[in-house]
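Here is my note on this model. Please keep the structure open while you read the points.

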Amino acid sequence: MIHGGNMIKIALLSATLFSAFSLPFIGQSAQAQEIGVDPGARNQTVTDGKPEERSNYHPLVIEAGLNYYQFDYAEDVTPPFKSTEKGLTPGLHAAGIFQPMEAYPWHVTAIIDLATNRTDYDGSTQSGKPVLSKTSNMFFNVEFNTSYELVQFTPTSKIEGYIGLGYHFWRRGLGASDSAPNMADYTEDYSWSYVPVGVRLLNQLNDTLQLGIDFSVRPMFGGRIGIHLSDLNSKLQDVDADLGSQVGFRAEVPLLAALTPGFAVLFKPSYQ
């Protein structure tokens with residue numbers, strides 16, 4: 001439950017396991033260029049006894065997989081008030097990465113993440129009475145960004161920079177519990193937009209493995225919270241309030257393993 005005028009802190013420790021694959025006969029690109037093949041490399045085939053170059057460039061890659069979040073939420077409140085939330089939340093991940101031209105080292109990425117689960121709420125009522133309950137959660141995040149190769153300092157290592165625009169939505173459904181059996185169910189909606197600005201170090205370890213380090217700052221704007229008090233009583237008016245503006249961050253260490261030139265798996269632990 002929200003206690004007015006308090007700072008909200010949300011941390012997500014997540015692990016993503018997904019496959020990156022091309023559309024038929026399109027193969028790798030952008031992030032998938034880094035799946036086992038140097039983007040500037042050429043394969044050779046033999047035609048009529050003469051070697052013929054074939055580019056490893058491919059314009060589109062699709063990602064699909066699973067996320068697992070260790071969700072940690074807390075409000076900075078004065079005792080005896082309390083509002084914390086913790087729990088493991090599985091989710092779905094999908095992304096599309098498009099590099100329009102081989103000659104220019106930039107690409108565009110669209111990302112969608114969706115997760116739902118029940119987490120453990122440890123908090124208090126508006127009067128300070130302790131409450132332990134389960135909370136139903138739905139998390140939705142969409143992000144678009146564009147990346148550009150800043151420097152390639154070895155044949156197998158490079159640094160990219162990126163900037164984009166994202167939107168995050170969290171629906172939080174609270175309800176009755178053993179410690180507050182008379183509390184009716186109601187929901188709170190949190191939403192904000194953000195601008196991810198980051199750098200990404202990519203290192204091709206060998207023909208099939210690539211390790212990366214990715215760090216971004218994410219200043220938010222347009223943050224809102226909607227408290228649906230009408231769920232408790234139709235005579236009550238819903239509340240809409242400003243969440244303020246804060247600067248978040250995200251750090252991740254992706255590890256890609258190529259299974260074929262056009263298919264790979266990725267494990268990506270991250271914290272934000």
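1. Start with Leu150. Leu150 sits in strand β7. Keep in mind that the model is predicted.

2. Is Leu150 buried or exposed? Its relative accessible area is 53%. Exposed means over 50%, so Leu150 counts as exposed.

3. Two or more patch residues come from each of β7, β10 (197-204) and β11 (209-227).

4. Which element gives the most to the nonpolar patch? That is β7, with four residues.

5. Now look at the strands paired with β7. Strand β6 covers residues 106-124, and strand β7 covers residues 130-154. The two pair in the antiparallel sense, over 19 bridges. Within this pairing, Asn145 of β7 stands opposite Thr109.

6. β6 and β7 form a hairpin, with five residues between them. Gly128 lies in the turn and has a positive phi of about 95°.

7. Strand β8 (residues 157-174) also pairs with β7. These two strands run antiparallel and are joined by 16 bridges.

8. How many residues lie between β7 and β8 in their hairpin? There are two.

9. To sum up, β7 pairs with β6 and with β8.

Definitions and conventions
Residues are numbered from 1 along each chain as its sequence is written. This is a predicted model: local features need pLDDT of at least 70, side-chain atom pairs count only at pLDDT 80 or more; totals for chains, interfaces and linings use all residues. Side-chain values use heavy atoms; hydrogens and water are left out. Two strands pair if DSSP finds at least two bridges between them. Buried means under 20% relative accessible area, exposed over 50%, partly exposed in between (1.4 Å probe, protein chains only).
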